[in-house]
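Thank you for coming, everyone. Please have a look at the sequence and the model on the screen, and I will talk you through a few places in the chain.

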Amino acid sequence: MSAKQVLVVSATKAEAEYVPQEFELVITGIGKVSAATAVASALARFLPGELPMVVNIGTAGALHVHHGGLFVPGVVINHDISSAAIRSFGHDVVDRLVLAEGDASVLATGDAFVSDAAVRDALAQRADLVDMEGFAVAYAAHAAGARCRLVKHVSDQADDSALDWPAQIDASARELGRWLTENV
């Protein structure tokens with residue numbers, strides 16, 4: 001696959017600092033609404049048969065102490081939607097997506113910045129990592145008919161160490177840029 005067939009998506013410019021210049025890059029802003037809107041808008045420019053693969057790069061909090069490094073989640077969940085309640089009203093809701101080409105990790109996406117160990121431990125029963133955009137990016141790509149990969153680098157332990165996230169971004173951005181160079 002060539003760089004021209006890939007749309008790299010990142011929440012922040014800092015996370016995308018080392019994306020090779022040959023890739024088209026979309027900076028979405030932080031959170032699910034910003035991510036879904038930006039990806040949908042970017043993909044609307046393409047003809048259906050010419051959709052690029054969407055590759056969402058970014059940082060993530062580890063929900064288990066033994067997790068570190070880079071992950072390409074095979075499952076992403078929308079962790080902060082009241083799925084059971086919505087389904088009880090007779091409405092279907094998509095809160096889990098399986099991503100082909102992913103590893104065995106599960107990414108939980110929500111609009112809350114997780115920096116509390118108790119919240120982390122509750123999420124750890126359902127997922128390995130947590131971020132704020134992955135599900136929205138994958139959902140928008142899926143809705144458009146585009147393939148999607150999520151590539152996440154652990155920046156913190158989703159506890160009070162997450163408050164140091166800004167200082168950790170550059171190290172993660174370097175690893176994410178390296179992954180793009182070596183894998184796309």
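Predicted model: local features only at pLDDT ≥ 70, side-chain atom pairs only at ≥ 80, totals over all residues.

Glu-101 sits in the loop between β6 (96–98) and β7, where helices (H or I, at least four residues) and strands (E, at least two) are DSSP runs numbered from the N terminus. The phi of Glu-101 is near 75°, which is a positive value in a residue other than glycine. Most residues other than glycine have a negative phi. Glu-101 counts as partly exposed because its relative accessibility is 40%; here buried means under 20% relative accessible area, exposed means over 50%, and partly exposed lies in between, with a 1.4 Å probe and protein chains only.

Residues are numbered from 1 along each chain as its sequence is written, and side-chain values use heavy atoms, with hydrogens and water left out.

Ala-158 also has a positive phi, of about 50°, although it is not a glycine. Ala-158 is placed in the loop between β9 and α5, and it counts as buried because its relative accessibility is 0%. A positive phi, near 90°, is found as well at Gly-145, which follows α4. In helix α4 itself, residues 134–144, the buried residues include Phe-135, Val-137 and Ala-141.

Let me step back to the whole chain. The protein chain has 5 helices and 9 strands, and from the N terminus on its elements run β-β-α-β-β-β-α-β-β-α-β-α-β-α. Of its 184 residues, 51% count as buried. How does the radius of gyration of the protein chain agree with that of a compact globule? With 184 residues, such a globule would have a radius near 16 Å, and the chain has 16 Å, so the two agree; the radius is taken over C-alpha atoms, and the globule rule is 2.2 Å times the number of residues to the power 0.38.

If we count contacts, meaning heavy atoms within 4.5 Å, residues 24 or more positions apart account for 73% of those with a separation of 6 or more. Not counting residues up to four places away in sequence, Val-151 touches several residues, among them Val-55, Ile-57, Leu-70, Phe-71 and Trp-179. The C-alpha atoms of Val-151 and Trp-179 are separated by 8.4 Å, although the two residues are 28 apart along the chain. Val-151 counts as buried, because its relative accessibility is 0%.

Finally, the aromatic rings: the structure holds 2 aromatic pairs. Rings of Phe, Tyr and Trp (its six-membered ring) pair if their centres lie within 6.5 Å, and planes under 30 degrees apart count as stacked, over 60 as edge-to-face and the rest as tilted. In one of the pairs, the rings of Phe-113 and Trp-165 have centres 6.3 Å apart and planes at 65°, so this pair is edge-to-face. The pair links distant parts of the chain, since Phe-113 is in the loop between β7 (103–109) and α3 (117–123) and Trp-165 is in helix α5 (residues 165–183), 52 residues apart. Phe-113 counts as partly exposed at 40% relative accessibility, whereas Trp-165 is buried, with a relative accessible area of 17%.
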